[in-house]
Structure formats: structure tokens, C-alpha cells
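Work through the exercises below with the model open. Try each task before you read its solution.

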Amino acid sequence: MAIDQTRPLVVADARIQRALNRAPGEKSLVASPSAWLVWGGVVIFFIMLVGVIISVIVDSFGRQWFNTWLPEGWTTKWYSESWDRFGLAQVMGVTLGVAAITVVVSLVIGIPAAYVLARKSFPGKQLVNLLFLLPILVPPIAYGIPLATVMYNFGLGRTVTAVILVNLVPAVPFVIMTMTPFIEQINPSIENAARMSGANTMQLFTKILAPLLVPGILASAVLVLVRTVGLFELTFLVSGPGSDTLVVAIYRAMTASGGGEARQLVSSMGVLYTLTMMIILVIALRFVNPTQLVARVKDANDD
Amino acid sequence: MGLSHRLAERGIDRTLWLLLPGILFALVLFIYPFVYGMGLTIQPSARIADQWGNGIFANYIAFFNDPFIFDSVWITLKLAIPVALFNVIISVPIAFKLRGKFRGKRTLMTLLVLPITLGTVLTAQGMLIFLGRQGWLNKTLLEMGLIDQPIQFVMNYWGVAISLVISGFPFAFLLISSYLSGIDPSLEAAARTMGAGWGKRLTRITLPLLAPGLATTFILTFVLAFSVFPSARLVGDAMGSTRVMSLMAFRAFGEQNDYSMASTIALMMGLVEFVVVLLVLALRGTLYRGSTGGKG
């Protein structure tokens, strides 16, 4: 191109030199003004994000914090106070218990369904697919309110059972969505060989498929775990004292009548929530790709 | 040939029983409540019947005629559509710059996942402190002399918008990155060989291929922003500029115990969302649909 020919040789030389210094496949990140714009955007986003997180942490350890850069003194009393006041031992128990049961039940229901959808074609398959897609597409409040009404009518309102049931609604389709590609990857001839050697369906699942599917099962288990611990809308509609999960307890403390609880109490609960999530996330990222946390997508270029 | 054999040829055999728990589950916990909720909407409560007549459609009449309820449709759309557009548009150049391999990519991706796990409730608490009148951001801007008095970031429209960007942008970015990685790089390389500059490559090759993926990302981000509920209450102006549909639905459900009106608002919420999604899908249908990546 004409432009390339008019560019001074020295510049071209330097560019080549830089290109040679880079590892193959690696791209330069410090280049044009547009790169600066992009990095500016990323930096602003991270300032917001880090600011939000650090503020909560500092606030939760601060004695009093008004119009100063840092609180006047440090204390851990907010943690013990919120632990007692909001019955956090029980709240944590409910949160983790609900999450664990939701994970197990959604796997038990979802994996066989995912298997059929991955392997078979049968009349009405599109309809079944749609049935499992709807709970993910419809906004949670839109189906959550009729669902919660049904729960109250059956006398399940404010019970842990109801919290588990509503959490299953998005969890099962999610397991099916994440498991299907994992099952599709397994060569069907392995199953055929097992069948010919006389394995029944139960044996096929426990002896052949389950060991091969361990990565997929772990991935969807941690994903459901993260989503269940974080799910607010549906849980909020059916839970009450004794069946609140941590997010809901925080929300209730923030909106309690009379202007809400002391800000530091809420912050200390927030830190507890973040810690729980971090631990799950650290475990999760050993098994799943970050993009999997948002959708079922294949990420060809990563690692 | 036996019946079972003929059925098996069409794909119907005993393995289909494995679907049964899943289907039962969806029927009992999703379809039944939904149909039940639709039934509720035509049994208006005494409160609504008094005000809007005794007909079975009193809830719907109330929904469309009571400005306090109906305005929430526009309030929700005015919040969700700009935020979803912003998240998609801002993600595209960033995803472009960060595609391919470079050191620290996985760390960056991991950091971007953080806000998804933080959730809207915790983000709201952090925003109240960090962006509040006495928060670090306002203090810094004051010290630098950029502003004379603290800016009101929270408890208004912008508070909710910022919160939706914090939770929605990483989502949009990760999706667009993965769509972008699905586009065959050799297409761009070919265009480059034939002498196309970066602008031409962008507008003639990459963007057209990416457009369907952008539409999908917009839909998913929109769905997230549309059902915003905690942040509209916690960092918004719940009685004014952020009185969104989900707040109205919850108000009817939890505060007035009017399950039939709550179901009506919930149903209309689903409907409004459906209309927007259909419009975007129709638009997407006019775009390129071929075999290379970037599709939703």
C-alpha cells in the first residue's frame, strides 16, 4: 500500500524489531490512541469495581466513618454484632444447605434429560427444548410471582422447602444447557460397546458415562452453586425469617423499616457474602472457563 | 415388524423415560404456576374491582389506565434499553483490543467475572458508600478541584444505571469476546491481503459477521437489566425515576397481598420483554446468517 511505502524506514525497522521481540501469537497492547481509549474504559470500570468492594470492606471494620478519608478507628465488633443480631449462623446454614441440595437435585434431574436431548432425536424434541429454555428467558419476577403464589397456597410460604423448589426452576434448565455439549463430546460407540457387552442403562450411566462426564458435572455443579447463592429475586419472594438466604438477609437489613440497620452491620454481612462467593469462585475457576459463568459458549482461543 | 421396533425407528424408545423427571419438574414448577397465574389475572381482587369495575378484565383495565402502574413500563424501558445498548457498544472495541493471546488475559477475564458473583445487593451497598456524598469518589473529585460540591450519583436514575453497567458490562464483554473468537481470522487476513485497510475490514468483514452475536448479547443484557429489582430500590429513586415494573409487581405481591394484580403486572412484564426481544430478533433476521462464527 502507498502509505506503507512513504513511511520512514527507521519506523518500519523499529516495528519489525518490536514484533520480533514478542512471543509468536502475542499482540502488542501499547499502540494507537484507540488502545488508550479502550484501556481508559477498562481502568474506569475497575476503579468503580475496586472502589465498591474496598469501600464495603473498610466500612465493615471502621468504628465511625463520616466525612474523612478513612474511619476514625478500627474494630471487628460489627461482625460479632451482625452475627448475633441477624442470626447469621442459621442464615449461612440455610444458604449453604439450600445451595447444596439444589445442586444435587438439579444434577439428578438434569443430567438424564441432557443425555436424551444430546443423543436422541424424537418427535416433539423442539417443544421439550423450548420447555427447558423458557425459565432462563422469562424474567424471574414474571414467573416468580405466580410461582410464589402457588407456594403460599400450598402452605409452603416462608419454608426452606419452598426456597429450594424455586431455586430449582432456573437450576435444572441450566444444568441441561451446560451438560448437553459435554455429553455430545463423548463418542457414542463407547456406549454401544458397553451395551453389546451387556450393560443396562443404569450400569451405562454409573460405570461408563459418569466417569467420563466428571469435568462437565463439576462445571455445572459449581455454576449452579454460584447462581443459587447469588439468586435474589426468586428466594426473596418465598423466604421469610428462618428461611432467608444471605443475600436476602442483607437486602432485608438494608430496607428494614426505620431507615435500615447501621451501615456497618450491613457491610460486615456484605464482606461475609463476598468471602463466601470468593471461596466458591476460586474453586469454580479450577474447573470452568470464565465465559462459562455467563453462557454456554465455546471459547476457542483461550489457553 | 413390531410396534416397538417401528417406534424406535422414529426415535421413541425406553431411553425417553429419562426425560420424564425433567419434564414433570418443568410442568409442575414452571408451566402450572404460569397457567395458574394467568388464571389469577382474570379474578381481580375486591380492591381493584371497586375501583375499575367488576369485569374479569378489571386488572388489565387498571394496568393500562392507572398511570401510576402503566408509567412503570416506560420507566423500565427507559432504564433497560439505554443500559443494554451502552453495555454492548462499549464492549465491542474492548473485546476487539483484547482478543488474541496476551500475558495476564486469564487474570483479566477472572477479574471481570467478579461483579457477576458480587450480585446487585452487594454492589448497591458498595455504591452507597463509594459513590455517596461523602464517598471516596466525590472526595477525590473535590480535592482535585474538578467539582465544587458533591455529585449525587446514587438514589436516582444514574445510581441504577451505574449498578446495571457494573453487573451487565462484564457479562456483555465475555459474551462478545467469545463470539469474536468464533470468527475465522483467515477471513480478515484474506481481506488484508487484498488491500483492505482496518476500517474497511471492520465495516465489511468483522462487524457484519459479529452483528447477530451483538443482537443476542443485547437481548441477554436487556433481559438482565429489564428485571432489575434490588438496585432499583437500594440505589434508585423507588417512588420516582426508577419505579420499575418489577418493583410495582412486588409492591402488589408483598405489600398489598393482591396476588391477582401482582400476577397481572408480572405477566405484562413478560409480555413487554417478549415484544422487545422479538423486535431485536426480527432485526437480527435481516442480518447475515452463514456458517462462520459470531452468531448467537
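A residue is buried if 20 or more other C-beta atoms, placed from the backbone, lie within 10 Å of its own. This is a predicted model, in which local features need pLDDT of at least 70, side-chain atom pairs count only at pLDDT 80 or more, and totals for chains, interfaces and linings use all residues. Residues are numbered from 1 along each chain as its sequence is written, and chains are lettered from A in the order in which they are written.

**Exercise 1.** Find the buried residues of α3(A) and what they pack against.

*Solution.* Helices are DSSP runs (H or I, at least four residues), numbered from the N terminus. In α3(A), the buried residues are F45(A), M48(A), L49(A), V52(A), I53(A), S55(A), V56(A), D59(A) and S60(A). In chain A they pack against α4 (77-85) and α13 (263-287). In chain B they pack against α6, α7 (136-143) and α8 (157-181). Contact here needs C-beta atoms, placed from the backbone, within 7 Å.

**Exercise 2.** Check the length of α3(A).

*Solution.* The expected span is 1.5 Å times one less than the number of residues.

**Exercise 3.** Describe how α3(A) packs on α6(B).

*Solution.* Axes are lines fitted to C-alpha atoms over the stretch in contact, and angles run from 0 to 180 degrees between N-to-C directions. Helix α3 (residues 33-61) of chain A meets helix α6 (residues 105-130) of chain B at about 65 degrees, with axes 8 Å apart. So α3(A) is roughly perpendicular to α6(B) (65 to 115 degrees).

Conventions
Helices (H or I, at least four residues) and strands (E, at least two) are DSSP runs, numbered from the N terminus. Angles under 35 degrees count as roughly parallel, over 145 as roughly antiparallel, 65 to 115 as roughly perpendicular and the rest as oblique. A residue is buried if 20 or more other C-beta atoms lie within 10 Å of its own, exposed if 12 or fewer, and partly exposed in between; C-beta atoms are placed from the backbone. Two residues are in contact if their C-beta atoms, placed from the backbone, lie within 7 Å.
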